[in-house]
Amino acid sequence: MVAKESRAVSRARDVCADIKQHKDPETVRSNARQRYQGGTVPSLSDDQAARIVSAVESSFCG
């Protein structure tokens, strides 16, 4: 679970927007990394960002 559900939903919507705007995959991953790292997650790897994008795309984007 996440501490702030509304923030997580907002970030997922932003990832979906990047995908729907047909941004290149590296840009989508980079943007996701920037959105999700910080606070309790000081940094994310490229692989972690890619997994976030994949999870958001398959479960949240509709």
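In which helix is the place of Arg-33? Arg-33 lies in helix α2, where helices are DSSP runs (H or I, at least four residues) numbered from the N terminus. The model is predicted, so that local features need pLDDT of at least 70 and side-chain atom pairs count only at pLDDT 80 or more, while totals for chains, interfaces and linings use all residues. Residues are numbered from 1 along each chain as its sequence is written, and side-chain values use heavy atoms, with hydrogens and water left out.

View 1. Not counting residues up to four places away in sequence, Arg-33 touches Glu-26, Leu-44, Ser-45, Asp-46 and Ala-49 (contact means heavy atoms within 4.5 Å).

**View 2. Packing of α2 against α3.** Helix α2 (residues 25–36) and helix α3 (residues 46–59) pack with their axes 8 Å apart, at an angle of about 95 degrees. Axes are lines fitted to C-alpha atoms, for helices over the stretch in contact, and angles run from 0 to 180 degrees between N-to-C directions. The two helices, α2 and α3, are therefore roughly perpendicular to each other (65 to 115 degrees). From α2, Val-28, Arg-29, Ala-32, Arg-33 and Tyr-36 meet Asp-46, Ala-49, Ala-50, Ile-52, Val-53 and Val-56 of α3. The contact of α2 with α3 has 8 nonpolar, no polar and 3 charged residues. Here Ala, Val, Leu, Ile, Met, Phe, Trp, Tyr, Cys and Pro count as nonpolar, Asp, Glu, Lys and Arg as charged, and the others, Gly among them, as polar.

**View 3. Crossing of α1 and α3.** The axes of α1 and α3 cross at roughly 85 degrees and come within 10 Å. On the α1 side the contact is made by Ala-12, Val-15, Cys-16 and Ile-19, and on the α3 side by Val-53, Val-56 and Glu-57. By class, the contact of α1 with α3 divides into 6 nonpolar, no polar and 1 charged.

**View 4. Val-15 in helix α1 (residues 5–20).** Val-15 counts as buried because its relative accessibility is 0%. Leaving aside neighbours within four places in sequence, Val-15 is in contact with Val-28, Ala-32, Arg-35, Tyr-36, Val-53 and Val-56.

How values were computed
Parallel < 35°, antiparallel > 145°, perpendicular 65-115°, else oblique. Buried < 20%, exposed > 50% of the residue type's maximum accessible area, 1.4 Å probe, protein only.
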